Every structure is written in C-alpha cells, then in structure tokens.
Amino acid sequence: MHETEQHDLSDDSDYAAASRHHAPGGIMRTDSGKSTASEAGGSEVLYLKDNVAIHPTQYASERISGRLRLYKQGSSLFLSWIPYKPSTDGAVDSLGHGSSSIPVEKDRNLYTIKSLPVSDVHSIRRHTPALSWPYIIVVLSSGLAYPPFYFYNGGVREFLATLKQHVFIVRSADDSNVFLVNDFQDPLQRTLSSLELPRVVSVANRASRHRSDLSSSSFDDSERLNGAPYDETASTSEYSARQKKFHDPARDISIQVLEKFSLVTKFARETTSHLFRESHNDGLNAYEKKQQTDYGSLKPISTSDDKKKDSNVIPVAADPLEFEKLPLVWGKQRMHPLCLEEWAAFLDSEGRILDSKALRERIFYGGVDQNIRKEVWKFLLGYHEYDSTYAEREYLTSVKKSEYEVIKSQWQSISAVQAKRFTKFRERKGLIDKDVVRTDRSVAYYEGDDNPNVTILRDILLTYSFYNFDLGYCQGMSDFLSPILYVMKDEAESFWCFVALMERLGPNFNRDQSGMHSQLFALSKLVEILDSPLHNYFKQTDCLNYFFCFRWILIQFKREFEYDQVMHLWEVLWTHYLSEHLHLYMCVAILKSHRKKIMGEQMDFDTLLKFINELSGNIDLDWTIREAEALCICAGENGAACIPPGTPPSLPIETDMGLYPQEDEVL
C-alpha cells in the first residue's frame, strides 16, 4: 500500500515568521515557547488567545466568543476553550465583545471544551480564506470534530507554532493545510486496509492510549471570565463541524470507504483483535474486573441452564429505562396507511392542505397507501408546498420539467472528444454506470437486461451531478433515488424530489464525512442519556465512534428492510413529526434491544460490526418505530440538545461559501 508522504512544518514561512517574533497581545507565549503564566494545580499556560469564536448558526450576531488556551499539566498537553459569561445589560464587555445576542446556557455548555488532551487530536485543518476570518477545525481520533474556531484577532500561526513545539506535527501530503498530530496509525485504518482501500489516512477510532489522570490535576474550572465564574457543570462536548467544509486526508478514497462500510460483514479478527481486547488468562482480566467494580451490585437472573454456560460471561447492568416505563409513553397505536378518501379530506376545494401537522401525524402513525404515494411524497419531500393549489402545482410541474431538460442537455451535449478532456465527468459517469446496474435489481421495476428504468436512473444521477457539481455523485445516492423513481414513474419529477431530499441528506456524502460525523456524535450522546451502561461499555471497548451504525445512518436503513418496508419507513421519517432525527432514536432502540447480547458476549469493534450488519432482514420495523417514538419522548429536550444544529436531515446551515465549499485560498 502506498504510504502517505509527510512533510515537516519547517518548510512553512508562517512558522518561520512566528518563531522570530513575539505573539501579539492576548497570546501568552515567548520565542522559546515557554509560558509567561501558570495556573493553580500546576497548570502551565503555553498559549492564550481571547476573542476566539464559534458560530452555532449562520448568523454572525449569534456567535459565541471565548478564550482558547494550550496548557500543560505535568507532561501532558491540553486544549481548552471557555465561552465568556454574557453581560446582563447587553453592553460591550471589558474585552470588547458585543453581547447583543446572548447564547442560551445549554449552547454554552454544549460547545465548552474544558480539558481536551492533545493526544486525542488526530489533525488540525487551517483555513485562511481571502475574504473571511481565519479559522481552524480540530478533528479528533474518534473521527468527530469540533466546530470551527474563528480567530478574529489573528493568532492561527502562533497557535500552530506553539503546538509544534510540544507535540509531533506533520503536514498531510494530500493537503498542505491539514496538519496531522501524533500517531494516526489506528485500528480502524488497519481494518480498512484489510478492505484493500488505497492510501487510507483514516480519521477514525484508534485503540485507547494511556491517558493522565485528570482528577488529581484538573484545570481550575472556577476561573473568572468577565468578572463571573465559569459554570463547573459545563461538560466537554464534540460537535461535528459542518459549517465550513474541509478537505479530508482520505478524500481520494472516501467514496470507496462509504461503499465498503455498507457491505462489510466479515473481518479478519485474527490480525486485529489484540488491539481491541486484552488476552484472557485463567482469572478475570482487567476489563472484567472493572465491569464487576462498576456493576458489582447487579447480578443476572440465572436458571439451571444458565449455570451451565461459560462462567466468564460478565454480568450485564440493568437497563435504566426498564420496568415498563417505555410503554407508558407510547402514543397512538400504529394505524393502517393513509388512503385516498382520507387524503382528499385534508385538501380544500383549490387543493391546499388544510392542516399539514395533522397530515404529518397521520402519516407518522400509519404511512401512505401505495396508490397515493406519488402525490403525498411530493409534499413530504418539499417539492410542493403544503399551501399550494392545484393550479400552482400544475404550473410548477411544467416549469420544472423544462428546467430538468436544460440541465440534462448539458452532459448529453458532451462529445467523445470533450469527454477525453473532462476527467471529472468520465469518473462520475463511470461510477454511476457501475452503480445503477446493481441497484435494487431484485425489484421487478428494475430487473432484467436493458431495462429502460435503469437507464432513467442513470440519467437522473448524471443530471444531478451537473445540477450539484460540488457534491457530484457518491455511492449510496442511487439507493435513495431508486424508491423515488419507483413511486413517481416520471423522470423530471423524480429528479426534483431527489434534489429536495439531497438538500437534507446530501451532507451524508460530504468528502470530509462531516454530515456522518455529526450524526454519529449525536447518536453517541443519545445512547449516553438513554442507556448509560451500554454507552460506558462502548467507551471501555473503544467503540464510541459508533461506526458500526454507519450503514444505518448513511442510507437510512435501506439495506435493513424489504423494499416496501423501506418506503414505509422513509415516509414516516420524512414527516419530521416528533423529531427530524427519529432515525437516530431508531438506532438507539435497536442497540438497546441487543444490549444484553452485546455486553454479555463482550463484543469488540469487529465482532460488533459483523453482528450489526447481520441484523439486516431481522429487525421488526413497527416495533422499532414505536420504541424510537418512546425514546424520543423520554429524552425530550435533553435529547434534542444532544443534536447539534444543522445535523442531517435538518436543513444545512448555509455559509458564504455555499453548502459544499471547495478549496479555500491560503495566504
């Protein structure tokens, strides 16, 4: 396998300049890199920068400013970002930060970074756009990322220069603005290597390193910012940075990664298992001892048959939501699909939907009859507005059909001579041609040789790659388009419905996988509050990246259910009735239902991924939806707070660089 070339930072003029001059005001750093201040508890501040901000929304007025620091405790290096306490009178505070928009307390807690070990950082992406403020994106070894940190007073160069003096940093050969921190040869990379993916530089999970005990030398959380003490209840949170797209070191093979993850069912555990679990001796290993310490008071109910089983099976902690709590919060029973008569009752004489919320609730609890899906899906997907009339929809259909033909003609007019000089077009067309011939070919609508519906599927995907050239085509998109074309039976309408769906789910296919990381992070937080023992188990087995749920989320359970069930599930999800992220609660429900087996058999990452993939075709859909509904209600506002703004399928937070920004200009 081709190894990624690495470059030292000494070739960067930014760092040469930073090492010759003292840092500007607000940065506690000298040329030697030694701190000019120390904190209580033996913390040595190496770098301090005020007015470093994040943007929870697209509105600049709602940014949250804070103080960014690098500090040492013993031999360990940590990063922290503490938001300022908002002033109560709306005036500009002593540091010059306007407080016209005061972030709510839960937002401050969500984004606070109290003590992040730099050993947990995989890479740092530097952005220096010509027409905007410089910022960095910190990507963790787990594959998750923090939101972009904007340096409104400069200081990115000094930050990286200080970091370089204390940890090993190399440039990525694929992108000179990506700086790889520490060792990035992790277990997931080795797993991907076994899948024969070329030049993989994974930003995923790695085996746990030995970390310093933070409880004995924690950073002083009670320091005062703007004259007010920092709230000690604020917890460290990771947030998948979707607002500014960055170039992943593995961008050249990211599409292959998506496909491979969706197909993997077997791993070579003989070569990687030692990275995930300790060897078993005659007595209890360290992990089992810790489990018995954590759950020592919990004894499994045993029968005479159970006593014959292997005595090494660890006790499984009780489910915190057992004792019939979930059935108490279940809403209405599942109903029959929405029929034509009921659908007509929702429309007034001109075709407007009178009560869209009631309609979405009805579909949530019963789905839609196949005979009216073509009309109803256009509303659920956002192609038609709920308050549009028959006449307006007819006119829109005519206009959109003409627009589609114009876009389609762009790639149809490319001659063979032009195609030879259009590498991106050839690559995308080749990928689409390969994918459509293996998409849902067992469904009668697509089966057989020379099927015209397969050709239409290809034409729509090629047209979309020209409509959204930044995103283009990625494997998995054909899985989303196939049921839409099956229902619509019309090329232009299928295209525009697919466009509407990709407005919400397109970030699933971002090259940096930020949309996926955001959902996996939210899933981790939901499991933490809804099944803490299972979350702790994943933490101890180094599975907190939740990559074993990758396929579920990427294509919305498309491979887990029969074709008709998938269409029913999707229309339920598209109602956004209880939550835009019901699919994440479905993931939690399925994991909870198998928690005893997962924990009892001490599944490591490889075994867990194999087990999850083999659940395909064996999941009760109605039960899962009901359980997800119950979990969503149980979680309430706490569950909603776990999901960062803009997480798919929420509409993306647009930036001045668009939804799928490309390379930024580097000074």
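I started with the salt-bridge network: Lys408, Arg458, Asp459 and Glu491 are linked in it. I took a salt bridge as a side-chain nitrogen of Lys or Arg within 4 Å of a carboxyl oxygen of Asp or Glu. By this rule I get 23 salt bridges.

I noted the ground rules: this is a predicted model, where local features need pLDDT of at least 70, side-chain atom pairs count only at pLDDT 80 or more, and totals for chains, interfaces and linings use all residues. Residues are numbered from 1 along each chain as its sequence is written, and side-chain values use heavy atoms, with hydrogens and water left out.

**Single pairs**

I looked up arginine 352 next. Its side chain meets that of glutamate 350 in a salt bridge, 2.3 Å from N to O. For accessibility I used relative accessible area: buried is under 20%, exposed is over 50%, partly exposed is in between (1.4 Å probe, protein chains only). Arginine 352 is partly exposed at 31%. Glutamate 350 is partly exposed too, at 41%.

Then I checked glutamate 403 and lysine 400, a salt bridge at 3.5 Å, N to O. Both lie in helix α12 (residues 390-412), three residues apart, about one turn of the helix. Helices here are DSSP runs (H or I, at least four residues), numbered from the N terminus. Glutamate 403 is partly exposed, at 33%.

Are aspartate 479 and lysine 558 buried or exposed? Aspartate 479 is buried at 7%, and lysine 558 is buried at 6%. They form a salt bridge, with the closest N and O atoms 3.3 Å apart. The pair links distant parts of the chain, 79 residues apart: aspartate 479 is in helix α16 (residues 477-488), lysine 558 in the loop between α20 (550-554) and α21.

**Helix packing**

I turned to α21 (residues 563-574) and α22 (residues 582-593). They pack at about 125 degrees, axes 9 Å apart. Axes are lines fitted to C-alpha atoms over the stretch in contact, and angles run from 0 to 180 degrees between N-to-C directions. The two helices are therefore oblique to each other. Oblique is what remains after roughly parallel (under 35 degrees), roughly antiparallel (over 145) and roughly perpendicular (65 to 115).

Which residues meet? I find Leu569, Val572 and Leu573 in α21 against Leu582, His583 and Met586 in α22. Contact means heavy atoms within 4.5 Å. By class, I log five nonpolar, one polar and no charged residues.

**Serine 518**

Last, I placed serine 518 in helix α18 (residues 514-530). Serine 518 is buried, at 0% relative accessibility. Its side chain makes a polar contact with the side chain of threonine 647, at 2.7 Å.

How values were computed. Polar contact = N/O pair within 3.5 Å; in protein donor to acceptor, adjacent residues only side chain to side chain. Nonpolar A, V, L, I, M, F, W, Y, C, P; charged D, E, K, R; others polar.
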